Amino acid sequence: MSSAILRIAVPSPLRRLFDYLPPPQMSAPALPGQRFLLPFGRGRCVGILMEVAEHSELPLEKLRPALRQLDPQPLFDEGMMALLRWASDYYHHPPGEVFAAALPVLLRQERPAQVGGIRCWALTETGKATSDESFGRAHKQRQLQRLLLQHGRLTAVQLNELSEGWRTPMKRLVAQGLVCEQELPCLALRSDESDQPPPLNPAQQRAVDAIDAARDGFNTLLLEGVTGSGKTEVYLQAIARVLAAGRQVLVLVPEIGLTPQLYQRFTRRFDCPIALLHSGLNDNERLCAWSMARSGEARIVIGTRSAVFTPLPEPGLIVVDEEHDASLKQQEGFRYSGRDLAVVRARREGIPLVLGSATPSLETLANTQAGRYQLSHLPERAGEATPPNLRLIDVRQQPLQDGLSPPLLQAMRHHLERGGQVLLFLNRRGFAPTLLCHECGWVSHCSRCDAHHTYYARQGRLRCHHCDSEQRLPPQCPDCGSLDLIPVGQGTERLEQALQEQFGAAGVVRIDRDSTRRKGAMDTMLAAIHRQEYRVLIGTQMLAKGHHFPDVTLVGIVDADQGLFSQDFRASERMAQMIVQVAGRAGRAGRSGEVLIQTHAPDHPLLRRLVEEDYRAFAMAALDERREAEMPPYSHLALIRAEAVAQAEPMAFLSLLQQTIRQLPHAGVFVLGPVPALMERRAGRYRAQLLLQSAQRAPLHQLLRALLQQMEGMKEARKIRWSLDVDPLELY
Amino acid sequence: MQDNRLVMAGVIKKTPQCHHTPVGIPVVRFTLSHQSIQQEGGMQRQAMCQIGVIATGDALYQSSQGLNAGDEVRVSGFLTRANHRDGEFRLILHAQKIERFDAITS
């Protein structure tokens, strides 16, 4: 054994494994999937053992021994190891970084892979027996004792909600031996409430049966259900059957914003431990959830894209909700698609995968058409809800009042009078997207980006949405000295202010990234909306996804023109999805819903198809266009991005890459560019890109492999920040 | 080259409009209509013109409070072009002082 070589994936930008000698002492045999603490360069790091080899290409005396074996057992089983190796290969990303991305942060450090536990407090026997009077004037302590009597044990998070300034009195209680600190065994907290599965409509029943029928092997099902058709109920009932068969379920959702609602529905339905994994957790909580999934204790794992890497000993089903959503794709570092990796994982594990959406991505629809995915369709809304009625409002030459046309204002009044709620969608934060000098035409620009500043009226500040830089409002025009600066264009803050004047009595609330910055703010607002305290809702895309507002009867899309004239070939797809998703918030309960779409382009084919037909009709037309233009899903893309402080460098570097590519075998691969990014400068750096396009995957990947090998030796590549994005969603 | 001063008396056309700049400075706008008899080449003649007036800041906001269409005022200030569009040289009077005639004569 002494001559065995440990081949280890080390988190570094180098696209290879590193050979080490075993550490001086090992408590368990070396197995792939274990972590080792390693000397690396002048520091140390944690790497994952990929294989135990007999020989190294390097002479033995050049190898350094690992410092310590961190895990007695592998953290990943063979299946997960293979999936991660595949991902490293497919996305051409350094294996060490791929494996690191798959681990909870604490395990990227030296921490043992143990369930950390969440601190909580409970009464001791003495504490339980202590009478009210004996606390005397220590009211706070008495209150805590009562709370603990009532709830059994409480975590810090729960205590924060129930009691202010509890820490000092709690310390006293512990010191007196009335309360003891415990570590909660990391179990997901369960809901006190529970619900019973409602009856399914025939389409839902067919979908559940189809998922059930696929249980014993790999199969990808597209669950295409119109908004409000009860997709979640289909997941729940299909999941119930998988759980009953003794298997675990992984559910991927696009955003944390959606997880609390979904999580609640899950905890109410299932009396089993559920692990929740998303970026809103702290490192300890993440490790907890991850460990519970890995040990098999958690039967359901709900998480955002990185949850696709959660080890599961008994996987039975993977569900990807809102599979079209761009946030399932990681946009920096290891740029992977959570959805695509879920497909690969399901195939490797031999289990079914459900992709759910009201507006499936064109990639998924193409796969369905090609017969690779099986389609389950939910054409009708669940219960008594009827599909909303969509109508375009031609705002050309209409007198707009703060961006709202008379027909929309009239419809708002009408719906509010009848007791409904109104949702206005405007995907633009701030008061106004531009601040302009009325006299000389000066526009406030970000000094670090090719972008205008957004004007925030309430704070009196200018903010750049691309680099987050901020400045105070200038009192006068920096160019001509005029004081007459005017905000131009509509943002959510301006809309809120205008509606407050007209509809203040109905309660106006704005939900966007700015108004929900504070932790818990979103939940508070959502609850107030459900209590009908607010009846005019203004929101960006945050409000558009997944929420269920039963009393919303009117949805107004304030500006549908934003996505119609973009240069990104996916812009129209995203726009259509957005419109359908927002429209889907209307009329979800018994009342019928109306959707008004304001546009300057009422004859635009995209809008016409959506309004007169449906998303499917739009998608089919869009697929035809993509086929003719040989764009994805009918071709495969890889995008190389480069950025630098000096303007010429990214273009020069990418030109060099382009020349390198010419000398490599590149049959079947088109090289497009290099071109400057649509927004060339961002946060002080100039950006450019080189697009590679191929009808087949194989030649593209062969070329990438050869190119990356060449780049290892290229000194220019070390001087510039560059990245490779396989299957990019954004062309910047 | 610092000389730029105009004093003009006239009648306010339409009620002055006020708005606030983003930092909260009040800006009042109105149009001043002037009509008088002036001396030229030793003879009398009629002088008629209209000019936009812009009054910025709290002090001028105070002195323009309560002004209405038809009120007679004397405005002193300086001239600048109304906007920076090429080839367009409409002038606008930036007030530094606004006096009401009823206050002056009584």
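**Charges and burial**

Reply: Starting with chain B: there are 11 positive and 9 negative side chains, and the centres of the two sets lie 4 Å apart. Keep in mind that this is a predicted model.

Me: What pattern does chain B follow along the sequence?

Reply: Chain B reads β-β-β-α-β-β-α, which comes to two helices and five strands. Its C-alpha trace spans about 50 × 45 × 25 Å along the principal axes.

Me: And how much of chain B is buried?

Reply: 31% of its 106 residues count as buried. The accessible surface of chain B is about 6,900 Å², with 49% of that belonging to carbon and sulfur atoms.

Me: Is Glu233(A) buried or exposed?

Reply: Buried, because its relative accessible area is 6%. Arg269(A) counts as buried too, at 13%.

Me: What does Glu573(A) form a salt bridge with?

Reply: Arg626(A), and the closest N and O atoms are 2.9 Å apart. That pair links helix α18 to helix α20, 53 residues apart. Glu573(A) is buried at 5% relative accessible area, and Arg626(A) is buried at 5% as well.

Me: Which residues are linked in a network of salt bridges?

Reply: Arg429(A), Arg461(A), Arg463(A), Glu470(A), Asp514(A) and Arg517(A). Within that set, Arg463(A) bridges to Glu470(A) at 3.1 Å between the closest N and O atoms. Arg463(A) is buried at 8%, whereas Glu470(A) is partly exposed at 38%.

Me: OK, cysteines. How many disulfides does the structure hold?

Reply: Zero, over all chains. Cys437(A) is in no disulfide, and the nearest cysteine sulfur, that of Cys440(A), is 3.7 Å away. Cys437(A) counts as buried, at 1% relative accessibility.

Me: Last one: what does Gln204(A) touch?

Reply: Leaving out residues up to four places away in sequence, Gln204(A) touches Ser229(A), Gly230(A), Glu233(A), Val234(A), Leu378(A) and Ala382(A). Gln204(A) is in helix α8, residues 202-213, and counts as buried because its relative accessibility is 4%.

Conventions. Residues are numbered from 1 along each chain as its sequence is written. Chains are lettered from A and ligands numbered from 1 in the order in which they are written. This is a predicted model: local features need pLDDT of at least 70, side-chain atom pairs count only at pLDDT 80 or more; totals for chains, interfaces and linings use all residues. Side-chain values use heavy atoms; hydrogens and water are left out. Helices (H or I, at least four residues) and strands (E, at least two) are DSSP runs, numbered from the N terminus. Buried means under 20% relative accessible area, exposed over 50%, partly exposed in between (1.4 Å probe, protein chains only). Contact means heavy atoms within 4.5 Å. A disulfide is a pair of cysteine sulfur atoms within 2.5 Å. Accessible areas come from the Shrake-Rupley method with a 1.4 Å probe; for residues, only the protein chains shown count as cover. Lys and Arg count as positive and Asp and Glu as negative; His and the chain ends are not counted. The place of a charge is taken as NZ of Lys, CZ of Arg, CG of Asp or CD of Glu. A salt bridge is a side-chain nitrogen of Lys or Arg within 4 Å of a carboxyl oxygen of Asp or Glu.
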